[in-house]
Amino acid sequence: MQIENIMAKQDFYEVLGISKGASAAEIKKGYRKMAVKYHPDKNPGDQEAEEKFKLAAEAYEVLSDENKKARYDQYGHQAFEGGQGGGGRGGFGGMDMDDIFSQFGDIFGGGFGGFGGGGQRGGGRRAMVKGSNMRIRVKLTLEEIANGVDKKIKVRRKKQAKGVTYSTCPTCNGAGQVMQVTNTILGRMQTAATCNTCGGAGETMKNKPNGADAQGLIVEEETVTINIPAGVTDGVQLKVSGKGNEAPGNNSIAGDLLVLIEEVAHDTLTREGINLHTDLYISFSEAVLGVGKEIETVTGKVKIKIEGGTHSGKILRLKGKGLPNIEGYGTGDLLVHVNIWTPQELNKEQVKFFESNMEHDNFKPSPTKSDKSFFEKVKDMFS
């Protein structure tokens with residue numbers, strides 16, 4: 001099942017065909033150009049064009065706002081997905097075309113394809129009815145995040161019952177709205193109101209199968225396969241289009257399934273962005289003489305060599321043994337923190353050995369400039 005992921009989205013400036021330093025007027029011009037190109041009235045039934053139309057609206061919603069634009073320029077899409085910069089993201093994944101035009105109708109001067117900043121589309125055609133979205137949580141291990149995974153999830157969603165039929169609403173004649181005339185001090189005024197008979201759907205149920213609710217819907221369990229890309233982070237929300245609840249009527253589409261990623265803590269690995277950290281404990285003898293060790297990574301166990309004379313706190317960086325960047329920009333590293341385990345109890349022979357060597361030059365601390373401090377090591381980790 002194809003999913004959509006905010007972190008993998010096309011750059012908003014590329015969406016509108018403008019440069020990062022574009023002025024407000026250029027941003028508006030770029031949005032109008034893209035919205036006209038992918039307008040649903042010019043691309044009837046084209047789902048891809050509709051998604052591009054929504055993405056252009058989302059890009060304009062962010063870039064036309066100075067505060068949102070500043071956060072986007074600094075943090076990218078993550079600024080509006082619970083990442084750095086804070087704040088919520090506008091988002092048009094769950095909005096229909098009328099919602100978008102009610103917010104940005106002024107861009108088109110109120111005269112393009114029957115849209116004028118809200119209301120009915122295309123000279124009286126009723127809007128497509130969309131079912132409600134559903135939300136679920138999916139737990140992932142670091143191994144699954146590193147490699148990507150297909151998850152089969154059982155969901156209970158509303159679907160149109162078999163045999164249900166709908167007919168055009170006799171009250172509004174399928175428009176979904178009725179015109180009302182009100183007498184005011186300025187004269188008679190005509191306004192549009194949602195049809196009470198069909199609730200704005202433009203259709204009423206003609207045949208109701210057994211077990212269906214008042215809208216002709218039933219609840220069924222369905223197994224949905226969710227293709228989760230490698231590199232997702234805890235709290236990221238993915239969208240599976242068309243796997244939410246269905247809506248009644250012939251002129252309807254199903255809502256979406258929103259998947260919230262929950263990362264399961266690993267026994268030995270700790271995540272920091274695309275990098276991973278792990279602690280390796282070695283004995284004093286191993287630190288002095290050197291030793292080969294096997295450590296766990298997200299792609300299996302690997303062998304590493306600890307050189308003789310290794311100090312406690314040394315950090316070994318294993319290139320490319322971290323997590324992949326979800327946007328495809330390389331892979332992180334695994335940072336191995338070496339800790340020397342000091343024995344708590346010694347026998348007489350061991351005590352005698354250490355006492356005899358306590359004053360030996362080899363056992364006395366003698367740090368050099370090449371022996372970095374703790375703070376220098378921390379600085380190196382983030383450089």
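Which residues do ring pairs link into a cluster? Hi everyone, let's start there: the cluster is made of Phe12, Tyr13 and Tyr72.

A quick word on the ground rules. This is a predicted model, where local features need pLDDT of at least 70 and side-chain atom pairs count only at pLDDT 80 or more, while totals for chains, interfaces and linings use all residues. Residues are numbered from 1 along each chain as its sequence is written, and side-chain values use heavy atoms, leaving out hydrogens and water.

Back to the rings. Rings of Phe, Tyr and Trp (its six-membered ring) pair if their centres lie within 6.5 Å; planes under 30 degrees apart are stacked, over 60 edge-to-face, and the rest tilted. Searching the whole structure gives six aromatic pairs. One of them is Tyr13 with Tyr72, a tilted pair at 6.2 Å centre to centre and 45° between the planes. Tyr13 sits in helix H1 (residues 12-16) and Tyr72 in helix H4 (residues 66-75), so this pair ties together parts 59 residues apart in sequence. Helices here are DSSP runs of H or I with at least four residues, numbered from the N terminus. Both tyrosines, Tyr13 and Tyr72, are buried, where buried means under 20% relative accessible area, exposed over 50%, and partly exposed in between (1.4 Å probe, protein chains only).

Now for Phe284 and Phe354: their ring centres are 5.7 Å apart with planes at 65°, so the pair is edge-to-face. Phe284 belongs to helix H7 and Phe354 to helix H8 (residues 348-357), 70 residues apart. Phe284 is partly exposed at 34% relative accessibility, and Phe354 is partly exposed too, at 27%.

Phe284 also takes us to the second largest pocket, where it is among the residues nearest the centre, along with His311, Asn362, Phe363 and Lys364. A pocket, on a 1 Å grid over the protein atoms alone, is an open set of points where a 1.4 Å probe fits, with protein on both sides within 12 Å along at least five of seven lines; lining residues have an atom within 4 Å of a point. In this one, 16 residues form the lining, and helix H7 (residues 284-289) gives the largest share, three residues.

Last, the cysteines. How many disulfides are there, taking a disulfide as a pair of cysteine sulfur atoms within 2.5 Å? The count is zero. The sulfur of Cys172 is 3.7 Å from its closest cysteine sulfur, in Cys169, too far for a bond. Cys195 is in no disulfide either, with the sulfur of Cys198 nearest at 3.8 Å. Cys172 is buried at 7% relative accessible area, and Cys195 is buried at 1%.

Key. Disulfide = S-S within 2.5 Å. Helix = DSSP H or I, 4+ residues; strand = E, 2+ residues; numbered from the N terminus.
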